Amino acid sequence: MYQNKAPSGESAVSIIGAGIAGAWHALLFAQAGHAVTLHERSDAAMTQSTSHWAGGMLAPWCEAETSEPVISRLGIRALDLWRQHFSQTPFNGSLVVAHARDRADFERFARLTTNHRRLDAREVGELEPALEGRFREGLFYPEEGHVEPRRVLPQLHAAIAKAGGVIQFNSDVKLDDLEGIVIDCRGLSARDAQGELRGVKGEMIVVETAEVELARPVRLIHPRFPLYVIPRGDGRFMLGATSIESEDTGVSVRSALELLGAAYVVHPAFGEARIIEFGSGLRPAFPDNLPRIAIEPERIAVNGLYRHGFLLAPALAELTLAYVERGVIDNEVMRCA
Ligand SMILES: Cc1cc2nc3c(=O)[nH]c(=O)nc-3n(C[C@H](O)[C@H](O)[C@H](O)COP(=O)(O)OP(=O)(O)OC[C@H]3O[C@@H](n4cnc5c(N)ncnc54)[C@H](O)[C@@H]3O)c2cc1C
């Protein structure tokens, strides 16, 4: 990091997009005393955002299996910010299990990740009684957390308003219409300004059953993409998520079979669960799948959060704020025009 000339002191800041990136930026800037206006083209239900479809896992150590070290660095910092600003965030850890035939992949996952504890069959049952006798071993990542996107986004929006920020829903704005510092957090819609962005499709299913109780996300090792079951409370579970190089929407039969099959492997009682929802979102990604804060005079674009938006947004917002207030540059994620 080094110090650069900061654009200005405490000034009017317009943020476009109230998904997880824009919401965290609005919160930290409003709390720092800036006059913040957050523009969102959809209504408060946020169904046009990728964030609406996310799992909300805060899992910097598990994600290290497939991610660059910068994701862990920022993710671990972001966990502190989630704790600090949303003290009710559950940090019950994550559990990773595998089907017997995927043992080699399980060992690979263990090798590529850190900050976990190996559990034998008895310990898996002690941690998650519903899984007693189902897996010979597991990996427990005790410091990881998770949020429910559809609950935490409204909480973030409320916190922004409490800190003095203004949120305008149903406000479809253009970058050039806005004065002062503009922070572009439009996700995939920012392709008009950032042509390298692409959408990576993630599919999810929500099911409901009173027969299974889990206290934390359970990941099932899978040779192609990480499959997980996340408890949402009230007997609901999110099954996620595929990762497909396509900007198609909807859920394919093949993906549905894989997601539902994974839940059935985690616990056969999911076979009787009621299907509540099928859905998909497009993760905004750059070619290197890494987040980027692109800086131009008075214009900052924060994008490419890919499959780590909930994990990274607080730390990226903190970096953007440090740049605007003190000119601090983070060489790993910032690009200056
Ligand atoms: C199935 C699935 C599971 C996932 N699971 C996880 C997970 O467990 N953990 C994790 O960290 N990440 C996860 N992700 C990734 C995460 O959802 C994304 O990284 C994140 O949502 C991207 O957030 P964003 O704020 O950049 O974009 P978005 O959430 O898309 O927000 C952009 C917003 O900008 C608004 N907008 C666009 N143009 C305009 C305009 N002109 N004017 C006003 N508003 C505008 C849009 O309406 C939208 O609300 C998952 C994604 C998917 C699809």
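1. Strands, here DSSP runs of E with at least two residues, count as paired if DSSP finds at least two bridges between them. Helices are DSSP runs of H or I with at least four residues, and both kinds of element are numbered from the N terminus. By this rule strand E2 (residues 12-16) and strand E3 (residues 35-39) form a parallel pair with 5 bridges. Ala12 has Ala35 of E3 as its bridge partner.

2. This is a predicted model, in which local features need pLDDT of at least 70 and side-chain atom pairs count only at pLDDT 80 or more, while totals for chains, interfaces and linings use all residues. Residues are numbered from 1 along each chain as its sequence is written, and side-chain values use heavy atoms, with hydrogens and water left out.

3. E2 and E3 belong to an open sheet of 7 strands with mixed pairing, ordered E9-E3-E2-E10-E17-E16-E19. Strand E9 (166-168) and strand E19 (334-336) are the edges; each has a single partner strand, so one side of each lacks a neighbour in the sheet. Neighbouring strands are turned by 15 degrees against each other on average, direction ignored. Helix H7 packs on this sheet and touches strand E10 (181-184), strand E16 (292-296), strand E17 (299-303) and E19, contact meaning heavy atoms within 4.5 Å. The direction of H7 makes about 165 degrees with that of E17; axes are lines fitted to C-alpha atoms, for helices over the stretch in contact, and angles run from 0 to 180 degrees between N-to-C directions.

4. H7 (residues 309-326) also packs against H2, at an angle of about 85 degrees and with the axes 7 Å apart. The two helices are therefore roughly perpendicular (65 to 115 degrees; under 35 is roughly parallel, over 145 roughly antiparallel and the rest oblique). Among the residues in contact are Leu74, Ala78 and Trp82 of H2 and Phe310, Pro314 and Leu319 of H7. By class, the contact of H2 with H7 has 13 nonpolar, 1 polar and 2 charged residues. Nonpolar covers Ala, Val, Leu, Ile, Met, Phe, Trp, Tyr, Cys and Pro, charged covers Asp, Glu, Lys and Arg, and the others, Gly among them, are polar.

5. Trp82 also takes part in one aromatic pair, with Trp24: edge-to-face, 5.0 Å centre to centre and 80 degrees between the planes. Rings of Phe, Tyr and Trp (its six-membered ring) pair if their centres lie within 6.5 Å; planes over 60 degrees apart are edge-to-face, under 30 stacked and the rest tilted. Trp24 is in helix H1 and Trp82 in helix H2 (residues 69-85), so the pair ties together parts 58 residues apart in sequence. The structure holds 5 aromatic pairs.

6. Helix H1 (residues 20-31) packs with helix H5 (residues 149-162) at about 25 degrees, the axes being 9 Å apart. H1 is thus roughly parallel to H5. Trp24 is among the H1 residues that meet H5, as are Ile20 and Leu27; including Leu153 and His157, the H5 side answers them. This contact of H1 with H5 has 10 nonpolar, 1 polar and no charged residues.

7. The other sheet to note is open, with 8 strands in the order E6-E7-E5-E12-E13-E14-E11-E15 and mixed pairing. Its twist averages 25 degrees from one strand to the next. Helix H3 (residues 103-112) packs on it, touching strand E5 (94-97), E6 and strand E7 (137-141).
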